[in-house]
Amino acid sequence: MDAVGRLKEKGVKVIFVLGGPGSGKGTQCANIVRDFGFTHLSAGDLLRAEIKSGSANGTMIQNMIKEGKIVPSEVTIKLLEKAMLENGNYKFLIDGFPRNEENRAAFEEVTRIEPEFVLFFDCSEEEMERRLLSRNQGRDDDNIETIRKRFKVFLESSLPVIEYYNAKNKARTVDAARPINEVFESVKIAFSSFDKKVHIE
Ligand SMILES: Nc1ncnc2c1ncn2[C@@H]1O[C@H](COP(=O)(O)OP(=O)(O)OP(=O)(O)O)[C@@H](O)[C@H]1O
Ligand SMILES: Nc1ccn([C@@H]2O[C@H](COP(=O)(O)O)[C@@H](O)[C@H]2O)c(=O)n1
């Protein structure tokens with residue numbers, strides 16, 4: 001059976017988690033995993049692991065991340081597909097993906113998966129910049145020069161994806177500029193209807 005068949009057989013359900021760099025996607029995904037039983041797949045983390053693994057694509061990925069650029073979809077989608085097939089769970093939060101129209105269309109074509117909904121963390125650049133500059137995780141791209149490039153890519157390439165899902169009534173927008181616990185209260189509301197749906201099935 002091919003990958004599409006195996007994903008279908010597993011009954012994979014996907015929620016895309018989007019938002020600007022530093023909007024709090026990873027932080028809230030940890031809360032969602034704890035309370036709603038999802039598996040968190042961060043596209044950025046998968047790409048960073050690929051660099052560390054010494055893969056043939058490692059240097060290309062490293063250079064693109066340093067420049068805040070979006071890695072070709074085929075690379076990221078292969079990593080996501082592999083992670084979904086290797087994991088025992090069927091409910092996935094895909095964080096930081098799709099980052100542009102190419103990511104979105106290629107994922108749909110390759111996996112035949114449509115997200116249940118898209119969670120969008122809305123936050124000002126000033127607040128995101130503050131958070132990223134004090135994140136202190138030693139990331140190559142958490143410096144002011146790369147941060148500004150990431151913001152530009154977010155505005156030009158990622159926001160149109162959110163608008164696409166908004167037009168399809170699939171985007172659930174959360175004000176992410178508030179304290180972590182307040183943001184999570186809104187996240188819980190976004191998930192409550194989905195969770196009921198999953199248990200009814
Ligand atoms: N609501 C919040 N208020 C204040 N700080 C926050 C909030 N949410 C997250 N943070 C902090 O901001 C930083 C960035 O958060 P996080 O890593 O979750 O963002 P992200 O959207 O996943 O970023 P990236 O896209 O760059 O990976 C972290 O240090 C985190 O602890
Ligand atoms: N779909 C994606 C996601 C990420 N990248 C690259 O990784 C960088 C870091 O991403 P985070 O989500 O961890 O902030 C990002 O700036 C891109 O360079 C990607 O190419 N495609």
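**Close-up views of a predicted model**

**View 1. Surroundings of P98.** Apart from neighbours within four places in sequence, P98 is in contact (heavy atoms within 4.5 Å) with F16, L18, N103, R104, V161 and Y165. Side-chain values use heavy atoms, without hydrogens and water, and residues are numbered from 1 along each chain as its sequence is written.

**View 2. Surroundings of R150.** R150 is buried, at a relative accessible area of 9%. Leaving aside neighbours within four places in sequence, the contacts of R150 are P21, G68, L132, R135, R139, D141 and D142. The side chains of R150 and D141 form a salt bridge (a side-chain nitrogen of Lys or Arg within 4 Å of a carboxyl oxygen of Asp or Glu) at 3.7 Å, N to O. D141 is buried, as is R150.

**View 3. The R130 and E127 pair.** A salt bridge of 2.9 Å, N to O, links the side chains of R130 and E127. R130 is exposed (over 50%) at 53% relative accessibility, whereas E127 is buried at 19%.

**View 4. The K188 and E185 pair.** The side chains of K188 and E185 meet in a salt bridge of 3.2 Å, N to O.

Notes. Chains lettered and ligands numbered in written order. Predicted model: local features only at pLDDT ≥ 70, side-chain atom pairs only at ≥ 80, totals over all residues. Buried < 20%, exposed > 50% of the residue type's maximum accessible area, 1.4 Å probe, protein only.
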